[in-house]
Amino acid sequence: MKKILITGGTGTVGSAFIKRYYDDYQFYSISRGEEKIAELNSKFPNVTTFIRDIENQDQILNLFELIKPDIVIHAAALKHVNLAETNPTKTININLQGSLNVINASIRTEVPLTIGISTDKACSPENIYGYSKKMMEQIFAEHHNSKTKFICTRFANVAGSRGSVIPFFKNLVSKNQSLKLTSKDMNRLMFSSKEAAELVHSSINLSNHFKESFVLSKKMKSVNMLRLAKTMSDNIEIVGLRPGEKLNEDLISSKELSYTKVIDDYILLFNSKQSQETNLKSSFSSKNAPIMSNSEMINLIN
């Protein structure tokens, strides 16, 4: 049974991946929050957990040498746009230096495959979080080689993740408070934590078919934030955009189209140009993606 080490394994993506593939791999998790580690241990007793900080290179290297994982899923990050805008140094330390520490540990211990979790905000970035993830994608590609492969997955919003809009709205509803909406025109690409886990697993499978590094994403549906709010409450308050926020998010930009390869619903983004026949034909964003129905939104909320 292959060994998978997940940085940030107690987070939404890490725990969803463990839940989905619990019987298929031997899991190890790195994270910092004691409460979340206890929760993960309770749900998944066969997962070996460690309290570690990805900013500490020695800690990470020593642990990689101890475990000798077959696959690393690098999900640990500072993820909130507004916090990244007000804490740029910490964002760089975690999202870039932490990623470099993981990369160096993977190379030193010859991990066959390391997968970085990126975001649609890395496409046409306009905020510190987006820039940090765009650079992470690039440094993963830079270190890719036949012995130690480095690839990324590019997510949109994962429904129900900590600090995201659905649990935020649910909390306000439970308190009989108005739903704080930044703009009625804001749209986001969104998918479930199970779909996120399956996307990561697909990147593991596809890594065997391509020699060069790639960023894997998939076609997702767009959710208008006002429509989402109205499915939960009629008490809605428009509060304006927060620092670093955009009305729409790009998943694949027009500049990236010639570097894409479409396989069914999956979009692979390479560093070199691909055959025109396989390219995504137009940019993919929350502005032009298929619109999620009310019933699909309710399923995500639940």
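**Figure 1. Arg 154 is buried, at a relative accessible area of 0%, and has a salt-bridge partner in Glu 256.** Like the other views here, this close-up comes from a predicted model. Glu 256 is buried too, with a relative accessible area of 9%. The N to O distance between the two side chains is 3.2 Å.

**Figure 2. Glu 55 and Arg 32 form a salt bridge between two loops.** Across the whole structure, a search finds 18 salt bridges, and this pair has its nitrogen and oxygen 3.6 Å apart. Glu 55 sits in the loop between β3 (48-51) and α3, and Arg 32 in the loop between β2 (26-31) and α2 (34-43), so the pair ties together parts that are 23 residues apart in sequence. Both side chains belong to partly exposed residues: Glu 55 has a relative accessible area of 22%, and Arg 32 has one of 48%.

**Figure 3. Asn 93 meets Glu 55 from its place in helix α5.** Here we stay with Glu 55 but look at another of its contacts. Along the chain, Asn 93 and Glu 55 are 38 residues apart, yet their C-alpha atoms are separated by 6.4 Å. With neighbours within four places in sequence set aside, Asn 93 is in contact with Glu 55 and Gly 98. Asn 93 is partly exposed, at 31% relative accessible area.

**Figure 4. Helices α3 and α5 pack at an angle of about 35 degrees.** Helix α3 covers residues 57-67 and helix α5 covers residues 88-108, and their axes are 9 Å apart. The crossing of these two helices is right-handed. From α3, the contact is made by Gln 57, Ile 60, Leu 61, Phe 64 and Glu 65. From α5 come Asn 101, Val 102, Asn 104, Ala 105, Ser 106 and Arg 108. By residue type, the contact divides into five nonpolar, four polar and two charged.

**Figure 5. Glu 110 and Lys 147 are joined by a salt bridge.** The side chains of this pair meet at 3.6 Å, N to O. Glu 110 is in the loop between α5 and β5, and Lys 147 is in the loop between α6 and β6; the pair links distant parts of the chain, 37 residues apart. Glu 110 is partly exposed, with a relative accessible area of 48%. Lys 147 counts as exposed because its relative accessibility is 53%, and the cut-off for exposed is over 50%.

**Figure 6. Helix α6 spans residues 128-143 and packs against helices and strands through its buried residues.** Its 16 residues reach 23 Å from the first C-alpha to the last, close to the expected 22 Å. Buried along α6 are Tyr 129, Gly 130, Ser 132, Lys 133, Met 136, Glu 137, Ile 139, Phe 140 and Ala 141. Which elements do the buried residues of α6 pack against? The helices are α4 (81-86) and α5, and the strands are β4 (71-74), β5 (113-119), β6 (149-155) and β10 (214-218).

**Figure 7. Ser 124 and Asn 176 have positive phi values.** Most residues other than glycine have a negative phi. For Ser 124, phi is near 50 degrees; for Asn 176, phi is near 60 degrees. Ser 124 is placed in the loop between β5 and α6 and is partly exposed, with a relative accessible area of 32%. Asn 176 is found in the loop between α7 (165-174) and β8 (179-181). Is Asn 176 buried or exposed? Its relative accessible area is 74%, so Asn 176 is exposed.

**Figure 8. Ile 238 lies in strand β12 and touches residues including Leu 181.** Strand β12 is made up of residues 236-238. Not counting residues up to four places away in sequence, Ile 238 touches Leu 181, Thr 182, Ser 183 and Lys 184. Ile 238 is partly exposed, with a relative accessible area of 49%. For a sense of scale, Ile 238 and Asn 224 are 14 residues apart in sequence and 14 Å apart in space, C-alpha to C-alpha.

Definitions and conventions: Residues numbered from 1 in each chain as written. Predicted model: local features only at pLDDT ≥ 70, side-chain atom pairs only at ≥ 80, totals over all residues. Heavy atoms only, no water. Axes fitted to C-alpha atoms, helices over the stretch in contact; angles between N-to-C directions. Helix = DSSP H or I, 4+ residues; strand = E, 2+ residues; numbered from the N terminus. Left-handed = near helix turned anticlockwise from the far one by under 90°. Contact = heavy atoms within 4.5 Å. Nonpolar A, V, L, I, M, F, W, Y, C, P; charged D, E, K, R; others polar. Expected span 1.5 Å × (residues − 1). Buried < 20%, exposed > 50% of the residue type's maximum accessible area, 1.4 Å probe, protein only. Salt bridge = Lys/Arg side-chain N within 4 Å of Asp/Glu carboxyl O.
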